[in-house]
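Work through the exercises below with the sequence and model open. Try each task before reading its solution.

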Amino acid sequence: MAAQRLRDLFSTARGWEEAQDVRVGGQTADLLVKFKMGDQEHTLVLEVSPLGQPRQIREAVTKLGEIRRELPTAYAVATATYISPQSAAILRRGNLGYLDLSGNCYLAFENVLIEKEGKRNLRPSTRPLKSLFAPRATRVARVLLAEWQRSWRLEELARAAAVSLGHGHNVVKRLEDLAWVERDERQRIRLAKPADLLEA
């Protein structure tokens, strides 16, 4: 799917080559694409992520950074079903491109600039986000917001919110996926972005 989106964006490209699961140093590039536009040859390396949430995108940034060190002339691109605006900002800060299946993209290399923003998620997964606002899950969020500067052990947080350890874990995992909570070096949980959680 990502390769087809690229082909659509570079419809005038010649000598198109694609290779999947290419070993680059200690990493494996999901997709390596080479093509020519005019006299210039371009190499793009793509990391395909099933989710475009900040947590997965940060992992993709790390992996693409390592690949880029081995292939400095390649342009690195993260792809997902949907790249959220927050994830897009992370990628731009890392000088990486992105492409999603909803139509959003940012590709800026050499003499190329393609930017499309504001497309809605065509395949939203509403269940995980709804679960954050279910009555029991909101207890966890309320406890975190009430003492937003505190670092919690999972057991303490679950006890304070009066939820099971398993339910507390699931809520925290979802909050981590959204980059709203983070863990310190002792794996304690703290609210990273109280304003984002309040506005959700």
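**Exercise 1. Domains**

Task: Find how many residues of domain 1 are in contact with how many residues of domain 2.

Solution. Start with the bounds: domain 1 covers 1-116 and domain 2 covers 135-199. These bounds come from an automatic or database domain assignment. Then apply the contact rule, heavy atoms within 4.5 Å. Six residues of domain 1 touch eight residues of domain 2. Finally, take the centres over C-alpha atoms: 33 Å separate domain 1 from domain 2.

Two notes on the source: this is a predicted model, where local features need pLDDT of at least 70 and side-chain atom pairs count only at pLDDT 80 or more, while totals for chains, interfaces and linings use all residues. Residues are numbered from 1 along each chain as its sequence is written, and side-chain values use heavy atoms, with hydrogens and water left out.

**Exercise 2. S49**

Task: Locate S49, and decide whether S49 is buried or exposed.

Solution. S49 sits in the loop between β3 (40-48) and α2 (54-70). Helices (H or I, at least four residues) and strands (E, at least two) are DSSP runs, numbered from the N terminus. Next, the accessibility: S49 has a relative accessible area of 9%, so S49 is buried. Buried means under 20%, with a 1.4 Å probe and protein chains only. Last, the neighbours: S49 touches Q56, T79, A80 and T81, leaving out residues up to four places away in sequence.

**Exercise 3. α2 and α3**

Task: Describe how α2 packs with α3 (residues 85-93).

Solution. The angle is about 20°, and the axes lie 9 Å apart. Axes are lines fitted to C-alpha atoms over the stretch in contact, and angles run from 0 to 180 degrees between N-to-C directions. The angle therefore makes α2 roughly parallel to α3; the cut-off is under 35 degrees. Now list the contact: P54, I57, R58 and V61 of α2 meet Q86, S87, I90 and L91 of α3. Sort these residues: five are nonpolar, two polar and one charged. Nonpolar covers Ala, Val, Leu, Ile, Met, Phe, Trp, Tyr, Cys and Pro; charged covers Asp, Glu, Lys and Arg; the others, Gly among them, are polar.

**Exercise 4. α5 and α7**

Task: Do the analysis for α5 (residues 135-146) and α7 (residues 165-177).

Solution. The angle is about 65°, with axes 10 Å apart. That makes α5 roughly perpendicular to α7, a class running from 65 to 115 degrees. R136, A137, V140 and L144 of α5 contact H167, V171 and L175 of α7. The α5–α7 contact has five nonpolar residues, one polar and one charged.

Technical notes: Buried means under 20% relative accessible area, exposed over 50%, partly exposed in between (1.4 Å probe, protein chains only). Angles under 35 degrees count as roughly parallel, over 145 as roughly antiparallel, 65 to 115 as roughly perpendicular and the rest as oblique.
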